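Colleague: I have the two chains open on my screen and would like to go through them with you. Could you take my questions as they come?

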Amino acid sequence: MSYITKPRFAHPHLPVNALGLTRRDYEGAMSTLCAGCGHDSISAAIIQACAEVSMPPHRVAKLSGIGCSSKTPTYFLSKSHGFNSVHGRMPSIATGANLANRDLAYIGISGDGDTASIGLGQFCHAVRRQLNMMYIVENNGTYGLTKGQLSATADHGARSKVGEVNLYEAIDLVSLAVQLGASFVGRSFSGDKEQLVPMIKAALSHDGFAFIDVISPCVTFNNHVGSTKSFEYVREHNLALNKPDFVPVRDEITASYEPDSTHEVTLHDGSVVHLHKLSEEFDPTDRVAVLNTLQEHERRGEIPTGIVYINPEMPELHEIIQTVEQPLNSLTEKDLCPGIDALEAINASLR
Amino acid sequence: MPELASINEFVIKFANVNGTGSASANGLFAKSVFRMGVPVSPRNIFPSNIQGLPTWYEVRVSESGHLGRRGGVDIMVAMNPQSFQEDYESVLPGGYLLYDSTKPLDTGPLRKDIRWIGIPLTRICLAEYADPKQRQLFKNIVYVGALAALLDMEFEGLTGLVGDQFKGKEKLIAPNVHALELGYQYAHEHFECPIGITVRRSDAAGDRILVDGNSAAALGAVYAGATVAAWYPITPSTSLVDAFSSYCERLRLDPGTGQKKFAIVQAEDELAAMGVVIGAAWNGARSFTATSGPGVSLMSEFLGLAYFAEIPVVLFDIQRGGPSTGMPTRTQQADLLAAAYASHGDTRHVLLFPEDPHEAFEFAAQAFDLAERLQTPVIMMSDLDLGMNDWTTRPFEWDPERVYDRGKVLDAEALEKAADWGRYLDVDGDGIGYRTYPGTHPEKGAYFVRGTSHNEYARYTEAGEPYVRVMNRLLEKFETARELVPNPLVEGSTQGDSLQGVLYFGTTSASVREALESLQAEGVELDTMRLRAFPFSKEVRAFIERHRTVFVVEMNRDAQLRSLIVNDLEIDPAKLVPVLHYDGLPVTSRFIHDSITGHLAPGARAGRGRGPQRALTGSEKSE
């Protein structure tokens, strides 16, 4: 980590977004993670994405569990409320927060230990409830804070820094999320900003559970030969299924795309995601095909990245349970208390 | 043989097979007594089973308003061959046994000291109904009809109730009324009616209502403006969220759109249920969960977070028999310590102890005000007896002028004016800081809530000094809680000058009061105090200090309330004598009476053995 205080100095001609804010307005505190940590690149991508879609920082709530990844919400969006909860339990906190106020944007940051092990149950249930949030797993296949134990996303046969070989099958969170019904699922690499930033922008505009698995090598404990989550290994085996290009609702679509080479998906708020096809047969709107494709690539030892599944039509939790449009946390006595006459009627019915 | 005789004062117990439709018939009986203006307290003693195991329904009928269990059975309706032997043995001498006389009984030598009332229920139903299901269901209704004749009850009351019960399913009314008539007529034709025990119209019940504690608490949550409920099914708390759901469906739909002004999540487990509640509370919605002991164990991690991060959650603990899965369908007050100190590290939580459904409604509503005022978890300690049984209780009350106390929350305007805001700064000297909800102000009021050590500005710190400051402020906040929670009540007619006192709380209260009346009639005067919350107020200390011996009545093995008192008030344990009952059934007034008399008897204090001094412990002979 760095020891210097983050300077408040900013270039006077930094570009401003639709809210008149610069990138600096989306930053957080100085990171305390190891120098070169993939997680810091993800924080930078979140900052850039939020700034570019002109997200009002205070209308975002950022939540996390425990672990290196879960520390990162401190390092972006300092004007947002944050909740650093307990290990593996962020999904339930996010569920309650979202139920209380459907008008905020929710960003959940978790790690592979937090999501694939201790919090696997909570993760699964947040997905199947179609919670409207963006959920990022910063996936490095190792327990960094406790110094390098193998995690449940470590590949079978992968070797830890001290030479321990993983004897168990890996949990693939991307396939799991698709299977459980997430309406937006992506995988990216912390070293691939070109792919990650537009993916985050699309996820932020998506209504429903948007899951992104970001492979984020641990420079200290999982970046050696024998690791399948090292920078070198991921770069060599990364197979991009598509390259997302996000067009916010207010921007005119100027570029024209070859219909055969792109998937165009219009999101709930009217913004558009163009997915430049890199793999001819792949259709990210067909859930069965997606699961097959993922398995195929896995068999070949490849790491498929891109927006692997998207369905903007699926209802999110509030639509499913039919809550009022007004955030529940803004309702008052007048809206909520049935009053004395109703109580007298209840008393009478109990006699 | 002298037969028991009384008017409006008796205990009747129904022994049935689970899943045979007896519950609604027995409920019909209890409610019809209540409709005659007589206080009743019915209790379901049921197995953890859907069909086939024995189940009992014990109804205390008491003109004088004694609603606790008395002990002993005056009339037994023995419908279950599996439990027949123990059922008939439990009838008090001079009592009555109503049984199905279709087939001869294969018991041993029959008791001569009780009156046998045989009604061929199976034969009557075989003759009357063709459908096997009806033959089973109506047997129950037939014995209720017979009881109406035997006890001289108002028959029209019963038929009126049947009408209420089957509103919307009118075609069921006539056959049910017919079944009642069959029993009524059979009893009149074959026995001298009424028997010695009768029910007579009264005004003793007054304006009271008949309702269970879980429904009452749920309604309290509705009135208090709770909008988010998350839960995981567990007996005996499930019906609380069910009731919240059905009240909300009636009272909380937007009239224009039909959309819901509430959200209920059936979570994947109790951990997640508490997580949802914490997330919603942090984000400014009143939210709660309901569970029982096993759920409290699972929620402990999150309760520690809510304590340390200061998030106002409300938890209803409907206690059952522990430890572990314990006695899932029996009652206890054995989660006190687990709830009061839930979670690792130094934690302590506010507890509320309602005694009946009226108070369950009131405390449920108050729990939200207290939680938000104190920014901490508030746990209402109910139990299976209160939660799942119908109680004759004072009607629900609500002040139309009542305003929710949302506690210290800064809105955008207040943040604009605030000079040096820190989430955990104690500016008022009551140990409570000012919260902000996410999304309030573009520039001000954002902070990071966390379970890690933090300073007054919610920033992570590993420094000892700010950590100690925060921990000490939480203690000051607990002292504020001591002032705000419901005060203990001094009850009963004898007060102030006895050397002995009694402390009690929750659902033992009715039995304690009855026991004290009987002790008083025998010349034993005791002062009383009913505790209604933890932490304990100064009055509790004063009460204990004023007496030489203080009996502490509770339903657990380890005298948990006594431990809480000793720990919270730093009281000499020697003068606190436990009266402990923990067989899973609600304590009876006779047990409390005998425990206290046993202790007060000359020479009774010697040779008590190890552990805390005990008046009398454990269970009573099964009745």
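Predicted model: local features only at pLDDT ≥ 70, side-chain atom pairs only at ≥ 80, totals over all residues.

Colleague: Which residue is the bridge partner of Thr289(B) in S13(B)?

Modeller: The partner of Thr289(B) there is Leu315(B).

Colleague: And what is the order of the strands in the open sheet of seven strands in chain B?

Modeller: The order is S11-S10-S12-S13-S15-S14-S20, with mixed pairing. At the edges, pairing on one side only, are S11 and strand S20 (533-534) of chain B.

Colleague: What does helix H12 (residues 357-374) of chain B lie across?

Modeller: Helix H12 of chain B lies across S13, strand S14 (350-352) and strand S15 (378-383) of chain B, and the angle at which it runs to S15(B) is about 160°.

Colleague: Back to S10(B), then: which residues cover its faces?

Modeller: Val228(B) and Ala230(B) are on one side of S10(B), Ala229(B) and Trp231(B) are on the other, and all of these are buried. S10(B) runs parallel to S11(B), with four bridges between them, and in that pairing Val228(B) stands opposite Ala263(B).

Colleague: Which residues touch the most other members of the largest nonpolar core?

Modeller: They are Val228(B), Val277(B) and Ile278(B), in a core of 281 residues. The element that gives the most to this core is helix H4 (residues 132-150) of chain B, with 11 residues.

Colleague: What is Val277(B) in contact with, leaving aside its neighbours within four places in sequence?

Modeller: Val277(B) is in contact with Gly96(A) from the other chain, and within chain B with Val228(B), Ala230(B), Ser287(B), Phe288(B), Thr289(B) and Val313(B).

Colleague: With which strand of chain A does S17(B) pair?

Modeller: S17(B) pairs in the parallel sense with strand S2 (residues 81-84) of chain A, over three bridges. Gly82(A) stands opposite Phe448(B), and Asn84(A) stands opposite Arg450(B). These strands belong to an open, mixed sheet of nine strands, in the order S9(A)-S13(A)-S7(A)-S8(A)-S4(A)-S3(A)-S1(A)-S2(A)-S17(B). Its edge strands are strand S9 (238-240) of chain A and strand S17 (448-450) of chain B, and the twist from one strand to the next averages 20°.

Colleague: What about phi for Asn8(B) and Glu310(B)?

Modeller: Phi of Asn8(B) is positive, near 60°, and Glu310(B), which is not a glycine either, has a positive phi of about 65°. Most residues other than glycine have a negative phi. Asn8(B) lies in the loop between strand S1 (6-7) and strand S2 (9-17) of chain B, while Glu310(B) is in the loop between H10 and S13 of chain B.

Colleague: Why does Glu310(B) count as buried?

Modeller: Glu310(B) counts as buried because it has 24 C-beta neighbours inside 10 Å, where 20 or more are needed.

Colleague: Last one, from chain A: is Ala203(A) buried or exposed?

Modeller: Ala203(A) is buried, because 28 C-beta neighbours lie inside 10 Å. Ala203(A) sits in helix H7 (residues 193-205) of chain A and, beyond residues up to four places away in sequence, touches Met134(A), Phe184(A), Gly186(A), Ala210(A) and Ile212(A).

Note on methods. Residues numbered from 1 in each chain as written. Chains lettered and ligands numbered in written order. Pairing = 2+ DSSP bridges. Helix = DSSP H or I, 4+ residues; strand = E, 2+ residues; numbered from the N terminus. Axes fitted to C-alpha atoms, helices over the stretch in contact; angles between N-to-C directions. Core = buried A, V, L, I, M, F, W, Y, C linked by C-beta atoms within 7 Å. Buried ≥ 20, exposed ≤ 12 C-beta atoms within 10 Å, placed from the backbone. Contact = placed C-beta atoms within 7 Å.
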